[in-house]
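Hello,

Here is the structure we discussed. My notes follow below it.

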Amino acid sequence: MLTPTPREETGTIGLIVERRHLEARALAEFGDALAMAGWRLDVVVPDAESVYGIGADPPPWDLAMSRGRDLAGLGILATAAAAGIPALNSPAAIELVRNKIAMNATLLRHGVAVPATWFAHHPRLFERLDGSVFPLVVKPFDGDGSMGISLLERPQDAGLVSAPADGRRLFVAQTLLDTGGVDLKLYGIGRDIWAVRKPSPVAFDGPGPARIVAAGPSELIELDGAMREMAITCGQAFGLELFGVDVAVTPHGSMVIEVNDFPTYSAVPGAGEALAAHALRTARLHRFYRSVGKDRLRSLVRGAD
Amino acid sequence: MATRRPAMRLLAIDGDEVLLALLRLALGGDGVEITTVSGGSSGLASAEQYEPDLIVLDTVLPDLSGYEVLRRLRERTDVPVIVLSGRDGHVDKVRAFELGADDYVTKPFSLPELEARVHAQLRRARRWMRREGVRRAYAYAA
């Protein structure tokens, strides 16, 4: 799948990755595939102890990538992108899905089915919602993965979710959808899409905080046209090229619960190689764009600069 | 699951070498083998020799016009043709469709949109090939 690389062509890809993702299979394969193509991988692990500078010499990267939602990591990505290094995904695209309010509004605008969604500064405010819209799932507007999820079965449960009332936080509430405990994940790398079914890691024993259970085995399943269309639409809506779409398949149809940047690609065969192929294609395209010059480029392609 | 099919063949005919280089980078590799030529006569010869499943064709070429290339192509094949042109007037578009174009994209174009259009035509070509029992969409004679 990797495009043959001319012997003299090489470059460096910067990968900003949270420590907890360092051992991920797809990332190891990604590094191997880049090395086989003759490209270097420069891994940066953001941490809580470092001080980072803005405006220093940008790293000598042909492309910057970020795996994880560590804020310092996203800062490094934004700094690299501001210095003119192409980013995969772009900081703007990541920000749109990091903010679940912007994410849901964007999905709605593009006609993607999503559960009814509300947001408020404090979870207890959701008690004002009509009882008919319960049960609700509540989560921080910028939560990562299954972090901070709670269940409100009825308005009176709103007090079960603790949060500081400092007016600086935001919470999202969504109608709980019955998926039978099974999640459908659609994974995208450019135009390549895969569908994976896995047991949900989130369990509710009753109202209040969710119990996070060990992830069960993921299973690659046949991708149908509707899944592909849903995934491609979500990726395009946010300008994401590496993305995952969490879909709730209910008796009443499929709805998108969340869109994420740079997911795990668990159970996706050859994910690392596909990531490398897409990263190299992007890096080469941007190298080409720079060689052509802005005016010439604008005469050919829209939105490339 | 995403399955890997045999590569589809794309022939790009355009007088602009920079654009051809861009198309090679942008469209090649994703299950697509791409060949590029910069002239109308060489484009027609390449089509015969290479039997592509899709042709991307500019209207302005150094020797023949793209319209003439399209007319001659349609005498021998119904292979899908996307016209990629700097001309955005309705007369040019209608003319291209009358001559047998399957799609018309104006420059400057959006790369994701061009990719989507290319893959939509290739999807249709694959269905033709299955239905007709041929190995290449180019063999689907007019």
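Two residues are in contact if their C-beta atoms, placed from the backbone, lie within 7 Å. This is a predicted model: local features need pLDDT of at least 70, side-chain atom pairs count only at pLDDT 80 or more, and totals for chains, interfaces and linings use all residues. Residues are numbered from 1 along each chain as its sequence is written, with chains lettered from A and ligands numbered from 1 in the order in which they are written.

Val245(A) first. Leaving aside neighbours within four places in sequence, Val245(A) is in contact with Leu186(A), Met230(A), Ala231(A), Cys234(A), Val256(A) and Val259(A).

Next, the cores. A nonpolar core is a set of buried Ala, Val, Leu, Ile, Met, Phe, Trp, Tyr and Cys residues joined through C-beta atoms within 7 Å. Buried means 20 or more other C-beta atoms within 10 Å of a residue's own; exposed means 12 or fewer; partly exposed lies in between. The largest core has 60 residues. Ile13(A), Leu186(A), Cys234(A), Val245(A) and Ala279(A) touch the most other members. A second, separate core of 40 residues includes Leu300(A), Leu27(B), Ile55(B) and Leu73(B).

Now the interface. Chain A puts 24 residues into the contact, and chain B 19 residues. By class, the chain A side has 12 nonpolar, 4 polar and 8 charged residues. Here Ala, Val, Leu, Ile, Met, Phe, Trp, Tyr, Cys and Pro count as nonpolar, Asp, Glu, Lys and Arg as charged, and the others, Gly among them, as polar.

Last, Ala28(A). It is exposed, with 12 other C-beta atoms within 10 Å. Its C-alpha atom and that of Lys294(A), 266 residues apart along the chain, are separated by 36 Å.

Best wishes
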